[in-house]
Amino acid sequence: LDGKRLAAPSTTEHAGLALPLAKVEVQGTRHINPDILLAQSGLQEGQMLTPEQIRKATARLYGRDDLDYVETEIKDEDGKRNVTIKPTEAVWSSSRLRLGLELASDFADNNSFSIGMMHVASSLNSYGAELRTVARIGTHRMLGMQLWQPLAPGSPWYVAPSMEYGGTSLDIYNQGLRTYRASLRYSSATLAAGRIRPVTGTRPH
């Protein structure tokens, strides 16, 4: 058992029965807007849900990959159900860095290498925007930035403007002999819009 991620037991008088949700709230977030987590859980006041359905809804939040733990408190009072979601954000939830190394060779004259880096800064505003920066040095050089901006807290719709600048070196051959090396450079700017698939996740057992 992964004890770190098990939800706290419910305080319910009508376990197993569907009751209307009187109150749903998110407590304890540091960087993530609680309204985003509430929207992604799909829980709304007035819904008729059982405790198991509520736990399945809050388990979707694990699909975000930036939460270590999601505790769900369920309390019944006067024939209605109150739900409190208490997420624990991962220590890297607002800033993530990845590094990579790429080596290539034809075991003759063509050899290349690249060192890559990607940094993601999350929860930049109340809508949950992310700034993604990608850089690469070596035979292939590149620097790119993209702002991923949801249109509302927890909304699957987004816009994503981006810019990229890069360059590479290309060897020119004549009758099998390398004669010189050319440098190629490029730059681009794009604006994308779309809809992401709903967040899904499974509560660890």
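**Working through a predicted fold**

Trainee: How many helices and strands does the protein chain have?
Mentor: The protein chain has 2 helices and 10 strands. Both are DSSP runs, numbered from the N terminus: helices are H or I with at least four residues, strands are E with at least two. This is a predicted model, where local features need pLDDT of at least 70, side-chain atom pairs count only at pLDDT 80 or more, and totals for chains, interfaces and linings use all residues. Residues are numbered from 1 along each chain as its sequence is written, and side-chain values use heavy atoms, with hydrogens and water left out.

Trainee: What pattern does the chain follow along the sequence?
Mentor: It reads β-α-β-α-β-β-β-β-β-β-β-β.

Trainee: What is the strand order in the open sheet of 4 strands?
Mentor: The order is 2-1-4-3, with mixed pairing. Strands pair if DSSP finds at least two bridges between them.

Trainee: Which are the edge strands?
Mentor: Strand 2 (48-49) and strand 3 (67-77). Each pairs on one side only.

Trainee: In what sense do strand 3 and strand 4 pair?
Mentor: Antiparallel, over 10 bridges. Strand 4 covers residues 80-89.

Trainee: Which strands does helix 1 lie across?
Mentor: Helix 1 (residues 34-41) lies across strand 1 (19-26), strand 3 and strand 4. It runs at about 145 degrees to strand 1. Axes are lines fitted to C-alpha atoms, for helices over the stretch in contact (heavy atoms within 4.5 Å). Angles run from 0 to 180 degrees between N-to-C directions.

Trainee: And which strands does helix 2 lie across?
Mentor: Strand 1, strand 2, strand 3 and strand 4. Helix 2 (residues 51-59) runs at about 155 degrees to strand 3.

Trainee: New topic. Where is Asp78?
Mentor: In the loop between strand 3 and strand 4.

Trainee: Why does Asp78 count as exposed?
Mentor: Because its relative accessibility is 73%. Exposed means over 50% relative accessible area, buried under 20%, and partly exposed in between, with a 1.4 Å probe and protein chains only.

Trainee: Where is Asp65, and what is its phi?
Mentor: Asp65 is in the loop between helix 2 and strand 3. Its phi is positive, about 70 degrees, although Asp65 is not a glycine. Asp65 is exposed too, because its relative accessible area is 55%.

Trainee: How much of the chain is buried?
Mentor: Buried residues make up 30% of the 205 residues.
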